[in-house]
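Please work through the model shown here with me, taking its local features in turn.

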Amino acid sequence: MNAWFIAGCNPALNHAQSSNPMGTPTRLVDSFGRRHDNLRISVTDRCNIRCFFCMPEDDPVFVQKSEILTFEEIERFVRVAARLGIRKLRLTGGEPLVRRDLHVLVRKLAAVPGISDLALTTNGLLLADRAAPLREAGLGRVTVHLDTLDPAKFRQITRRDGLERVLEGIFACRRLGYPSVKLNAVAVRGLSEDDLVPLARFGREHGIEVRFIEYMPLDADGKWRRDSVLLAADILDILSREVAPLIPALDQDARAPAARFVFSDGVGGVGIIASVSRPFCGSCNRLRLTADGKLRYCLFALEETDVKGPLRSGGTDEELERLIEGCVGAKWEGHEINTARFVQPPRPMYAIGG
Ligand code: SAM
Ligand code: SF4
């Protein structure tokens, strides 16, 4: 029997708590009782590689640079959001490290009252040199996207070279003592099976949690098919058979998207983000700000709230508060990937911010 079923470990069954662990009143509770304290901020839609499940190979459409929020605009938005109850921030993109001087933004955000957690998701290519100034500026946690340890496969997936540089970035973060360094690997059926074991062993060897993410329908080319998802249950079966049996971790965070498993020999574990086969919408606590200043209540949302307009045309903090609350109030129950009603959002992953 698979570890999912042994544990009954389905984060979707863990409904959001209405109390705030920080003891701060929050106004960001949606109509399903989910409390929002987590904001993912895309700082650019540009990227230095071209992963096939995210970007088109040729001619990606990017927003004009003048439409991208400035660091000052992002900081102001975060100050208002933090007053409403946002506590955790994650910088993403596109590739956030192609935004020059990202550490300047990190320093500003780390100083915002109420923000207790500041994290980065990166493809790691530019990380080796940037890890130190980012850490010094107040960055807490880093997640590096790495789908394979095979250089040829890396090129096949990203349509670029660079595996060595990603590894250098990961080791730089370890040396600098980042409190958390994790890996994200997208799991695609017919492609990723051979990478699961090497990645899990790499994680065990270096004390790094690898999180496998089911391939989601957010690719720019619209090629996603249900049968191209390597499902969580299959990932767990392969790793349990070929590395060591996996058992659900005792210290699960009910509101985190990843379900965590530990190897039964006591050496490390993995996270599984089963967005397709086991959606965790019931405990979702996230909002997303796109690089061009649109607020979204879901990766798969078909509507957005413009906040760049008010930020650039003298809107007051109270107006921004109303927009954020309105976005939370409009939040749907969950994505509809597993229904006939599903419509892929017009923006691919790189344009939303993963
Ligand atoms: N460029 C950075 C990176 O690759 O980590 C940050 C942005 S990227 C869009 C954020 C994360 O989205 C990546 O770590 C990757 O694992 C994940 N991702 C991208 N496309 C995906 C897809 N179609 N399905 C599932 N995860 C995806
Ligand atoms: Fe770039 Fe990240 Fe998208 Fe890959 S997943 S193309 S690294 S934004």
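Q: Is aspartate 101 of this predicted model buried, partly exposed or exposed?
A: In this predicted model, aspartate 101 is found in the loop between strand 2 and helix 3 (102–110), and its phi is near 60°, a positive value in a residue other than glycine. Most residues other than glycine have a negative phi. Buried requires a relative accessible area under 20% and exposed one over 50%; because the relative accessibility of aspartate 101 is 39%, the residue counts as partly exposed.

Q: Which loop holds arginine 159?
A: Arginine 159 is not a glycine, although its phi is positive, at about 60°. As to its place in the chain, arginine 159 is found in the loop between helix 5 and helix 6.

Q: What is the phi of the glycine that follows helix 6?
A: Helix 6 spans residues 163–175 and reaches 19 Å from its first C-alpha to its last, close to the 18 Å expected at 1.5 Å a residue. The helix is followed by glycine 177, whose phi is positive, near 75°.

Q: Which elements are included in what covers the buried residues of helix 6?
A: The buried residues of helix 6 are Leu163, Val166, Leu167, Gly169, Ile170, Ala172 and Cys173. An α-helix has 3.6 residues a turn, so residues three or four places apart point the same way. The cover over the buried residues of helix 6 includes helix 4 (127–137), strand 4 (141–145), helix 5 (151–158), strand 5 (180–187) and helix 7 (193–206).

Q: Which residue of strand 5 is the bridge partner of arginine 141?
A: Strand 4 and strand 5 pair in the parallel sense, over five bridges. In strand 5, the bridge partner of arginine 141 is serine 180.

Q: What distance separates the C-alpha atoms of glycine 268 and arginine 204?
A: Glycine 268 is found in the loop between strand 8 (259–263) and strand 9 (269–273), and it counts as partly exposed because its relative accessibility is 42%. Not counting residues up to four places away in sequence, glycine 268 touches Arg204, Val262 and Phe263. Glycine 268 and arginine 204 are 64 residues apart along the chain, yet their C-alpha atoms are separated by 5.1 Å.

Q: How many residues of the shell around ligand 2 are nonpolar?
A: Ligand 2 is surrounded by Cys47, Ile49, Cys51, Cys54, Met55, Gly94, Asn123 and His145. In this shell there are no charged residues and three polar ones, while the nonpolar residues number five.

Q: Over which residues does pLDDT stay under 50?
A: The protein chain averages a pLDDT of 93, and 93% of the residues score at least 70. Where pLDDT is low, the predicted coordinates should not be read in detail. The model has 33 contacts beyond four places in sequence for the stretch where pLDDT stays under 50, which is residues 5–22.

Notes. Residues numbered from 1 in each chain as written. Chains lettered and ligands numbered in written order. Predicted model: local features only at pLDDT ≥ 70, side-chain atom pairs only at ≥ 80, totals over all residues. Heavy atoms only, no water. Near = heavy atom within 4 Å. Nonpolar A, V, L, I, M, F, W, Y, C, P; charged D, E, K, R; others polar. Helix = DSSP H or I, 4+ residues; strand = E, 2+ residues; numbered from the N terminus. Expected span 1.5 Å × (residues − 1). Buried < 20%, exposed > 50% of the residue type's maximum accessible area, 1.4 Å probe, protein only. Contact = heavy atoms within 4.5 Å. pLDDT = per-residue confidence, 0-100. Pairing = 2+ DSSP bridges.
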